Every structure is written in structure tokens, then in C-alpha cells.
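Have the structure open while you read.

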Amino acid sequence: MEAATPLYHFISSHQPLTQKQSRCYATNFGIVNAAQTLPDTSPSTSLESLSPLQFDYDKKFNSLNSVKTMHAKMIKLSRGWDTKKNMQYFISGYLEFGDFQSAAVLFFVGFAENYLYWNSFLEEYTYFGGNPCEILEVFSDLHSKGVNFNTEILAFVLKICSKLSDMWLGLEVHSFLIKKGFDLDVYTKCALMNFYGRCCGTESANKVFKETLIHDSLLWNEAIMVNLRNGKWAEGLQMFRDMQALLVKANSLTISKVLQACGKLGALDEGKQIHGYVIRYALESNILISTALINMYVKNDNLKLSRVVFDSIDNLDCNLPCWNSIISGYIALGCLDNALELFHEMKSSNIKPDIITWNCLLSGHFLHGSYIEVLAILRRMQSAGYQPNRNSITSVLQAVSELRYLRIGKEIHCHVIRNGLDYDLHIATSLVDMYVKNDDLTSAQAVFDCMTNRNVYAWNSLISGYSCKGHFEKAGNLLNQMKEEGIKPDIVTYNSLVSGYSTSNCIKEALGMIRRIKSSGMSPNVISWTSLISGCSQQGYFREAFEFLIQMQGEGIKVNSVTVASLLQACAGLSLLHIGKEIHCLCIQNDFLDDVYVSTALIDMYSKCGSLENAQKVFHRLEDKTLASWNSMITGLAIYGLGTEAISLFDQMREANIQPDAITFIALLSSCKHSGLLDKGWKYFDHMKTDFGVNPTIEHYSCMVDLLARAGYLDEASDFIQSMPMEPNAAVWGALLTSCRIHGNVELGEIAAEYLFKLEPYNAANYALMMNLYALSNRWNDVDHIRDKMEAMGVKIGPVWSWLKVNQRIHIFSTAAKTHPEGGEIYFELYRLISEMKRLGYKPDTRCVYQNISEVEKEKVLLAHTEKLAITYGLIRTRNPAPIRVINNTRICSDCHTVAKYMSLLRRQEIYLKDGVRFHHFKDGKCSCCDFW
């Protein structure tokens, strides 16, 4: 009884903590007589009346005072008060009413009964709001009062120090162990290695291990676990080898962790050897090890052996973790159908899936892009009676974000509120991200404002949303507010602003943000520079994209697949085939070709750089062709005027069960208009909504106007414009005006021009088209009138130019530039070619000269057309059979088109000429456009 009294004096001497105190290990407690807590009128109680066997443990305490009162009675009147059950009963009572220090004291004093309970004690302690630091305060205070602790208590204290990363107290405990000679105890050594591994790193933990004279199995297992817990996979695996060489037996936890290391390192052979060890010691029935084996083979991309392990497990009907592991493995390697089959097999075997199984299916289908299936799995999950948890909801919200299903996102938000999950930081952040990606910034801001704890991800998501929509003032205010609240912006924060500025045509501001990253002490990474390069490529600043690439490489940053895709877009914009080929080589060297965005960008680049054959090669080598890949290839065929081939490819796409979208039909209609396939064009336009669910947009209507007008149905095209459900834009009227010039319809041309002059008053191309139309009709006064109007508005027609590359050098021929240095030789060769053509029946088409001059003068003007000069120079300087590729910034005239056909015939040379948005392939006197352009 005397031994118990000081304990209660200690416990009853203080009030419970109402708030967390600062870390201090010198707390003093007064000593109060235990009798003070007992009421004077309390009846005498016999020893038997409070026997632990008769005590009602189901009875709940109603206050802290009732806990203390009953505890005092138990100490004074019962000799068996300190049983394990009593200890846990009173510890729970003290914790429930916030007296954390009393609970800790009781735990330490009764440690002989409680040491196996330490982990759940910590969980209960923190569950009721206790700070684990207070446990260490109690330990320090008891120690300062002279209480002697054995090695088990000290090992427990070290474990708490490890959890709290309290290095200094852990070092003091280590010093005390050395002084008392306790440091030789194997359990204490394990606790020390765990402490040093968590607080100081694996080197210190390994030093403790090496300084131990006798290494038994416990020490070996702990040493390996310390290394593996710190991500030292190779070191842990090597220690396991050393351990096996000494014939020391590993426990199941170590074996499972080493198998995890084999998965992390891709060490399949070592994993197989450990599998042999498991079989040799008959450990296959261990669930932990079996699960680790399945995961190891999955991580090494070997589903076959993973399935062999699974099928060899006995009692699968009661081994849910192994089912979860194999299903997870199939999903991780993209075998979604197999995973679902296994899931159904699991249910048919009367094995009930748990929340882990469902979450595995949800997250796996999201990661592999099966967003619709994610929603279907959620419905089945709820039908089975499972409530989605944090992980479930996060996966579903991410799928909703990708699908842009705002209504469903709001329904999930309601579910979150109804079930009280809106406090969860991960769910709240996912909600912000979902609303941002669904362009509902108002709701995103509302969720953000309701968050009590905002992490950097929530800030970044909202800043990114405002930035991408061009609301830079709001994004900047959020950035400042973020700093004021003590959240330090990271590289992702700044990268979202770089991306927003770049895609909003604010290249200078984006570059300024790059400089701001540097001034804040960080270094722009590949995402920073790629955002800038991508923005330039999207906005048509192709040269700047390459300039920023040079700066990026100068800082030692390597490109990634997204950078490469953006650069290929810039190559396509500038028709830089040679650079595009170099980037293609870079893709092969860095294994970027498996990236669908890179492959699609390659198809687009080759198509727009005059190498359709290479585009088709890239396309046909793709194993998994996405919708974007098909669209890009159909568009490529369209710009070469290969309408029949484009339609054939569309049919193949349908056979592959790829659903077309709006872009597909723009490509199809473009191929029809470039090839004069009027009936086919009408067919696809009429059926795109009824058969494929694609609503026609202004782009589709523009294609139809172009298709009708090019074919000579100008009145029908005009009527079609009048019947459009939306207001015609400049592209629609521009298509009509272009065809009016081709067919010489001045009346309709004037109507189209009137609208164009209102919609695009400073677009010189519209004025030039109208002047050419008047010139064809010899209405020179009207030509002068248009010219005067342009002069009054300050509109100037830019220079016409053509360029080609010869011997690694770009040669430009322009109406505004100086004569080419080899101009004399070029004109001499061109005159000779024209003479040869005339003998074959060529007649100059002087209608292509829109000037009021004589026919002889018009013929001279025709000779000066830049595309003729560029092709002629190519013929002079090209000595190999490679095609001549000429890029022109305006539509080729009929005379140059005819001359190019003759040149390909006379010199047996293939010629590719790009005039604006489409290519002409001249070969043996014929053109791929079949003279329809």
C-alpha cells in the first residue's frame, strides 16, 4: 500500500491540461494528500467489495473527479488495483476527460502491465487531443524525481522520440543507457537503431549496428528495416544478402520489405531468389509475404509469375489482401478488363470486397484514362452498400475534372457536405481543382474560402485557374495573400503563372515570371521553360520558341516529351523539316515516341512540312492510335488534296471503334473541299449530328461554304450563309470572297467584302482579294477606289515571299527584299525553262497579273513571281533526287501552278509547294490537287 500512495499523490496534484504546453521537460507537480480527494462521508468499503473480479468495467465515468475518486478508492482499498485491465480502464478515463499527464504517469508506473499496449496507447492519446510531447514531459519529470526505469521503458521512450523526431531527448536517453550499462540490451539496441534511422539518418543507425559485438536475428532484421524505411533499397538488399550468408533467419516483416525493395529496384532475379527462400522455409502461407511477392512481380512487369503466386495460395477464400494485391497488379499494368474479371470472380467466390478493393478499381481506372468507368464503379460501389471515403471521392473528383462533368461534380460536393467530409483537406483541394477545371471559378473560390487549413496545393490550383483564364490581377492578389498567410509559393505556383501568361499571348510577362522565379531563390525547371515554349508555339511565336529553347539548354535543363511536342508544333508553323527531323532523332534517343502527344505532333509536323510519306510512316507504326492521331493524319491528307484517301482513313477509324469528334469532321470537310467532293461533304455534314452526336460549329459551316463556293455553287453558298443558325464570321465571308475571285462573281464578292471590311477592317488580304476581283473585270477605277480606302485607313499589303533550303542554307525570294545574289543565273535558267515549256504548249496566263499594263509587260511580271524564282533556284542547285520544297506565304496563282507542273516534267524533279495552309505535290507534270485548289 505504501508503494502505491506516492503514485496517487503525483496524479492528483495537478489539473488537466486545457491547452497544449510548450515542450519543456522540467515540469513540477505539487504533492497533495490523497485523502483530500475522498469525501469525508464516504462509507467504509471492504477489500472484497472492490475486487477486480466484481468491478463493473462497462460503467462510464461522468467527470474527471469521478475518475480520480474511483482511482483513489481502488488504490487504498484493493490490493489488485494495478492489473492490466484496471490500468487501461483508468488510463482511458483520464484521457477522455483531458487529464493527459495523469494518464501518462499511470502508463509509466504500470509499464510492466502496459508495455505491449504502448502503440494503441499513443493512438488513444492523440485521438483524445493529447500531445505526445507531454508523455516525454512526464517521463522527464519522473526521472528527475528519482524514478528508476528499466530498459523496456527506455526503449519505449526512444520509440516516442523517433515518432516525434525529438533528437535531443533521444541522445540523452542514449547517454543514460551507456552510463547504466543498458546499451547492450538487444531490445534497446533495436530502439536506438530505429531512433537514429528516423532522426539522424541511416549512417548513424548502421553505426550502432556495427558497434554491437553480437548480431542476433532481431538486430539484423531491425538494421535491414531501418535502411529500407529510409528508402535505402540497395543497401537494405545487400544487408539481407549478408544476413543470409551468416544463416541468420529473417522475419516475415523483413522479407516482405526486402521484396518491396526488389520491386523498387527492378531486381527481378533477386526477387526470385527470395521467393525460393520463402518456399524453402515454407512461408508461402504467410499473408504478408504472399502479398509482397505478388506486388514484387507486378513492379517488375511480370504478371504471369504474379498470377502463379496468387493461384498457389491456399485458403484464398479468406485472404482478401492477396485478392486486392493481384487486382491492383492487373490495374497497375493497364489490364483493366482482367482486373474486373478477377473482381467478379472474387465476388462469385463469396469473398466480400472491402473499401481498399473498390478504391483500387477507382484510382486504377482513373490513372489509365477510363473516366466514365470510374463513375460506373462508384455507382456499383454504392449499390453494394459501401460509403465512399476520402480516397474514393478524390479519385472520382479527378475523373469528373477530366470529363468536365460539372453537374456530377456538384452532386459529389453535396455528398461530401452531407457526410461531413468537407473538413478533409485532400477532398477540399480536389473540389477546388474540379471546379477550376470545369471553368467554375466562383464555386472554386467559395470552396477555397471555406477551407480552414489551406495547403500549397489548394493555393496553386486556384491561382492556376485564374491565371489560365487571364485573370492575372486576381491570381496576383492570391499570390500575395498566400505569402501573408505564411505559405511559401513553390515552383508549381510560379509555373502556373508562366503558363497562364504564355497562353494568353503575354510572352514578356511570362518571361518576367521566369526571372521572378530566379530572384526568389529557385531555379526554373523544365516545366517552367516548357510552359513558355508551348505558349509561344500556340500563339505563333515560333522563332521565340527556339530562342527560349537555347536559353533553357544553356541552363543545363533537358527537354521532356511536352517540350518536344511544342517544338514540333513550332517546326510545323515554320515548315522547318530539317529541324523537325533532328527533333525526331532526339525522340528516338530519349524514348519519347511512346508518348501519344509526341507521335501526334510528329504526324502534324511532317504533314505541314511537306513530307506526307514520313507522316504516314509514323502513323502506321503507332500501336495505340488515339483520336488525336487519327485526326492529325486525316488533316494531313486533307492539306495535300487527297480527299479520297482521307475518307478511306476515316472509315478505318470507324472500324477501329474510335468515335469521331468535331475536329475529325473539320478535317473530313476540309479534305472534301480541297478535292471537290461535294456530295461526300454534304453527306458528312448532314450525318455528323444525327449519326455521331457532333453539333456543327462555325468552323464546319465555314468548310461547307468553301466547299460549295469552290465548286462554283456561289448562289447556294450565299443561301447557305443566310440559313446558318449563328452569325457568320470572317472565315465564312472570306471563303465566299475567295471563290468569287476564282469564278469572277463581282456582285457576290462585293457583298462578302462589305461584311469583311466591317469584321476585319485592317486585314489587307481582304482588300487585295477585292482589288484582284475588280482587276479581272477590268474595273480599274474600283481598284483605285479600294487602294485609296486602304491608304486612308493605313492598311498596307505585306510583301509576298517564297523560301527554300539548299545546302543547309535558307534562301528567301521576296517582293520587298533585294534581288538574290545569283539573280542573273536564276533568270537565265528561268527564261530557258519558259522557252522549253512554250514548245510543249505552255501559254502565260496574264489574268494572274492584276495591273493595268500591256500583255508583254504582264508576261515580264509573271516571271518575277517569287515561287517561280525559288523553284528555279532549287533546280539549279539541287544535284540529288531529293524533292525541292518551297514555302510561299500566299495562294499560288494559276500561271505559277502550270509552270511548276512543266518544271517537274522537264527536269524529272519532284516539287512540293506550300501556299498558305495546303501543299501541292508536283510530279511528272501533274499536281496532287488535280488542278482544284
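## Strand 4 and its neighbours

In this predicted model, R885 sits opposite Y912 of strand 4. To get from strand 3 to strand 4, the chain passes through helix 49 (residues 894-906), and this β-α-β crossover is right-handed. Strand 3 covers residues 884-888 and pairs with strand 4 in the parallel sense, over five bridges.

On to the other partner: strand 5 (residues 918-923) runs antiparallel to strand 4, and five bridges join the two. Here L913 stands opposite H920 of strand 5. The hairpin of strand 4 and strand 5 has two residues between the strands, and in it G916 takes a positive phi near 80°.

Is strand 4 mostly covered or mostly open? Strand 4 (residues 911-915) is mostly covered, with five of its five residues buried. That goes for both faces: I911, L913 and D915 are buried on one side, and Y912 and K914 are buried on the other.

| Span | Helix | Strand | Distance between end C-alpha atoms |
|---|---|---|---|
| residues 595-625 | 74% helix | 0% strand | 11 Å |
| residues 626-660 | 74% helix | 0% strand | 11 Å |

Conventions: Residues are numbered from 1 along each chain as its sequence is written. This is a predicted model: local features need pLDDT of at least 70, side-chain atom pairs count only at pLDDT 80 or more; totals for chains, interfaces and linings use all residues. Side-chain values use heavy atoms; hydrogens and water are left out. Buried means under 20% relative accessible area, exposed over 50%, partly exposed in between (1.4 Å probe, protein chains only). Helices (H or I, at least four residues) and strands (E, at least two) are DSSP runs, numbered from the N terminus. Two strands pair if DSSP finds at least two bridges between them. A crossover is right-handed if, with the strands pointing away from the viewer, the path from the first strand over the helix to the second runs clockwise.
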